[in-house]
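Here is a short briefing to read beside the sequence and the 3D view. Please look at both before going through the points.

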Amino acid sequence: MVRLRRRERMVFSGFTDAEIEKLESLYTESGDLSVNQDFCQKIAKSFSRSAGRAGKPIVKWVEVQSWFQNRLLFRPVRTPSPSENVREINHSSDTSNLAASPDDSGKKMANETNLVHKAGEKIRDLSELEFEAKSSEDGAWYDVERFITHRFTSSGEAEVRVRYVGFGPDDDEWVNVKNDVRERSIPLENWECQKVKVGDVMLCLQETKEQTRYYDARISDIKRKMHDIRGCRCIFSVQYTHDESEESVRLQRLCHIQ
């Protein structure tokens, strides 16, 4: 039986009310730090994996950054009170405070790290993550609908019985948790082709006359080409890890392994 999971690229249509509320909270706490790329990437990742985004397109970090940039641009300008001006003058005239100013940036970075950690706390809630599992039947990777039960082998290794997306109980399998279960791989967008390097291991759609399935594959060569109206035209040479066969594929057949 051929198992082919769907990996559509849906168009981002905006943040949910809960996400906007979280962005507002982060903006209030982090200020200018919120436009930092690493900061935005972590927020986008936590949003994309949340239960509230189930069935919706993933959030890109540039969309988070754009939201913060617009928020900063239109933030209200507040005139400081006379007492605040006095405090600022006194602070600037104190040489000991000036000497300690480099530590303030360190504190801001620490605060940023704490904020990112708080924003990503829900990531560790397994109920909000999407997983994929490697089938013992053919060695291909499939999306997991749910984990039914678990057990431990005589060697002490954990196994789970998985239900695959789009399949019934007859296709349930026991898989090794450590080696055969991971977070769901994400399709690459056209602009992400520059992130793919020779030697990277990606999830790749293998198409043959007999089957069409997803397997891990190592990038062996890349031919960079100019993009056009159709998107990325680069050619990626891959070698599948399960049978060592080789072929050339487009970016649309590659997924980033989490």
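A residue is called buried when its relative accessible area is under 20%, exposed when over 50%, and partly exposed in between, with a 1.4 Å probe and protein chains only. The model is predicted, so local features need pLDDT of at least 70 and side-chain atom pairs count only at pLDDT 80 or more, while totals for chains, interfaces and linings use all residues. Residues are numbered from 1 along each chain as its sequence is written, and side-chain values use heavy atoms, leaving out hydrogens and water.

**Cysteines**

- Cysteine 232 is buried, because its relative accessibility is 1%.
- Cysteine 234 also counts as buried, because its relative accessibility is 1%.
- A disulfide is a pair of cysteine sulfur atoms within 2.5 Å.
- The closest cysteine sulfur to that of cysteine 232 belongs to cysteine 234 and is 3.7 Å away, so it is too far for a bond.
- Cysteine 234 is likewise in no disulfide.
- The count by this rule is 0 disulfides.

**Helix 1**

- Helices (H or I, at least four residues) and strands (E, at least two) are DSSP runs, numbered from the N terminus.
- The expected span of a helix is 1.5 Å times one less than its number of residues.
- Helix 1 covers residues 17-30, which is 14 residues, so at 1.5 Å a residue it should span 20 Å; its end C-alpha atoms are 20 Å apart, in agreement.
- Glu19, Leu23, Leu26, Tyr27 and Ser30 are buried in helix 1.
- These residues lie on the same side of helix 1, because they cover an arc of only 105° around the axis (the arc is that of the directions from the helix axis to the C-beta atoms).
- An α-helix has 3.6 residues a turn, so residues three or four places apart point the same way.
- Asp17, Ala18, Glu21 and Thr28 are exposed, on the face of helix 1 turned away from its buried side.

**The sheet**

- Two strands pair if DSSP finds at least two bridges between them.
- An open sheet has 5 strands in the order 4-3-2-1-5, with antiparallel pairing.
- Its edge strands, strand 4 (173-176) and strand 5 (181-183), each pair on one side only.
- Strand 1 (residues 131-134) pairs with strand 2 (residues 141-152) over 3 bridges in the antiparallel sense, and lysine 134 stands opposite tryptophan 141 in strand 2.
- Strand 2 and strand 3 are antiparallel, with 7 bridges; phenylalanine 147 has valine 162 in strand 3 as its bridge partner.
- In strand 3 (residues 158-164), 5 of the 7 residues are buried.
- Strand 3 and strand 4 run antiparallel, joined by 4 bridges.
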